[in-house]
Amino acid sequence: MTTTSTAERYDFASDNTAGICPEAWAALTEANAAGALPSYGDDALTAQACELLRTTFETHCEVFFVFNGTAANSLALAALCRPFEAVVAHGQAHIEQDECGAPAFFSGGSGLILVHGPGGKVTPDDVARALHGRRELHSHKPGAISLTQSTELGAVYSPEELRALGDFARARGLRLHMDGARFANAAAALAPRGISPADLTWRAGIDVLTLGGTKN
């Protein structure tokens with residue numbers, strides 16, 4: 001006689017593949033029972049959420065709540081780039097592979113300049129090589145660099161890697177965006193080394209973080 005065992009399958013392709021975690025569902029149920037509150041972010045619960053984020057990231061950041069990751073990435077990049085500018089990103093990034101041109105739509109025409117480093121990571125050398133060949137007068141001009149933390153291939157940027165990219169971007173007048181759909185995974189992985197969310201974002205030169213909320 002043979003026996004078989006089955007293991008539960010976890011799919012990290014998208015937040016949409018899993019249900020909401022019990023803690024978040026309970027919090028939503030509690031918030032729903034709070035009664036009538038002001039709209040458009042002027043309520044105490046939204047203010048509390050913003051303060052929790054500011055405490056977590058140790059800075060007085062501006063917080064904007066949007067529907068999902070595609071909206072967050074697209075609106076963030078639209079704020080960082082003008083229509084004739086481009087975003088440098090990895091070829092495996094969601095803004096290239098999974099968001100159906102939404103960043104270009106919301107920015108009014110911004111393009112993508114793709115690099116192809118190992119592990120889904122972007123490096124200063126990758127960006128420099130990609131930009132070196134773009135001398136055509138009518139090509140998109142670089143406006144921002146977009147990173148994914150953790151990457152689509154599961155790699156995690158260290159603070160040192162992020163600071164190098166931040167220094168590179170500032171030296172060239174570029175803005176630095178981080179797609180943080182899986183940011184909590186990276187933060188948890190690096191926390192034993194004493195690395196904080198602040199060390200992985202603004203302290204390393206990140207201008208805008210899009211943070212996955214429901215599953216994080």
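Predicted model: local features only at pLDDT ≥ 70, side-chain atom pairs only at ≥ 80, totals over all residues.
Reader: How many disulfides does a search of the whole structure find?
Author: A disulfide is defined here as a pair of cysteine sulfur atoms within 2.5 Å. The sulfur of Cys 21 has its closest cysteine sulfur in Cys 50, 19 Å away and therefore too far for a bond, and the sulfur of Cys 100 lies 20 Å from its closest one, in Cys 81, which is likewise too far. The search of the whole structure gives a count of disulfides of 0.

Reader: Is Cys 100 buried or exposed?
Author: Buried stands for under 20% relative accessible area, exposed for over 50%, and partly exposed for what lies in between (1.4 Å probe, protein chains only). The relative accessible area of Cys 100 is 84%, so this residue is exposed.

Reader: Which element gives the largest share of the largest nonpolar core?
Author: A nonpolar core is a set of buried Ala, Val, Leu, Ile, Met, Phe, Trp, Tyr and Cys residues joined through side-chain atoms within 4.5 Å, and the largest one has 26 residues, with Val 88, Val 122, Val 127, Ile 145, Leu 147 and Leu 162 making the most contacts inside it. Elements are DSSP runs numbered from the N terminus, helices being H or I with at least four residues and strands E with at least two. Two or more residues each come from strands E1 (85-90), E2 (111-115), E3 (141-148) and E4 (175-180) and from helices H6 (124-132), H7 (159-171) and H8 (183-190). The largest share, 4 residues, is that of H7.

Reader: Which residues does Val 122 touch, not counting those up to four places away in sequence?
Author: Contact here means heavy atoms within 4.5 Å, and Val 122 is among the residues with the most contacts inside the largest core. With residues up to four places away in sequence left out, Val 122 touches Ala 89, His 90, Val 115, Val 127, Ile 145, Ser 146, Leu 147, Tyr 157 and Leu 165.

Reader: Which residues make the nonpolar surface patch of about 410 Å²?
Author: Patches consist of residues with over 30% relative accessible area and no salt bridge, like charges being joined within 9 Å and nonpolar side chains (Val, Leu, Ile, Met, Phe, Trp, Tyr) within 5 Å, and accessible areas come from the Shrake-Rupley method with a 1.4 Å probe, where for residues only the protein chains shown count as cover. Leu 75, found in helix H3 (residues 69-80), is partly exposed, with a relative accessible area of 41%. The patch of about 410 Å² is made by Val 66, Leu 75, Phe 105 and Phe 106.

Reader: Which two residues are joined by a cis peptide bond?
Author: Most residues other than glycine have a negative phi, and most peptide bonds are trans. Ser 150 has its place in the loop between E3 and H7. With an omega of about -10°, the cis peptide bond joins Gln 149 and Ser 150.

Reader: What is the phi of Tyr 40?
Author: Tyr 40 is found in the loop between helix H1 (22-32) and helix H2 (44-57), and at a relative accessible area of 84% this residue is exposed. Although Tyr 40 is a residue other than glycine, its phi is positive, near 60°.

Reader: Is Arg 54 buried or exposed?
Author: A salt bridge is a side-chain nitrogen of Lys or Arg within 4 Å of a carboxyl oxygen of Asp or Glu, and the side chains of Glu 51 and Arg 54 meet in one at 2.7 Å, N to O. Both residues lie in helix H2, 3 residues apart, about one turn of the helix. Glu 51 counts as partly exposed at 40% relative accessibility, whereas Arg 54, with a relative accessible area of 15%, is buried.

Reader: Which residues are linked with Glu 58 in a network of salt bridges?
Author: Glu 58 lies in the loop between H2 and H3 and has a positive phi of about 55° although it is not a glycine. The side chains of Asp 199 and Arg 203 meet in a salt bridge of 3.0 Å, N to O. The residues linked with Glu 58 in the network are Asp 199 and Arg 203.

Key:
Residues numbered from 1 in each chain as written. Heavy atoms only, no water.
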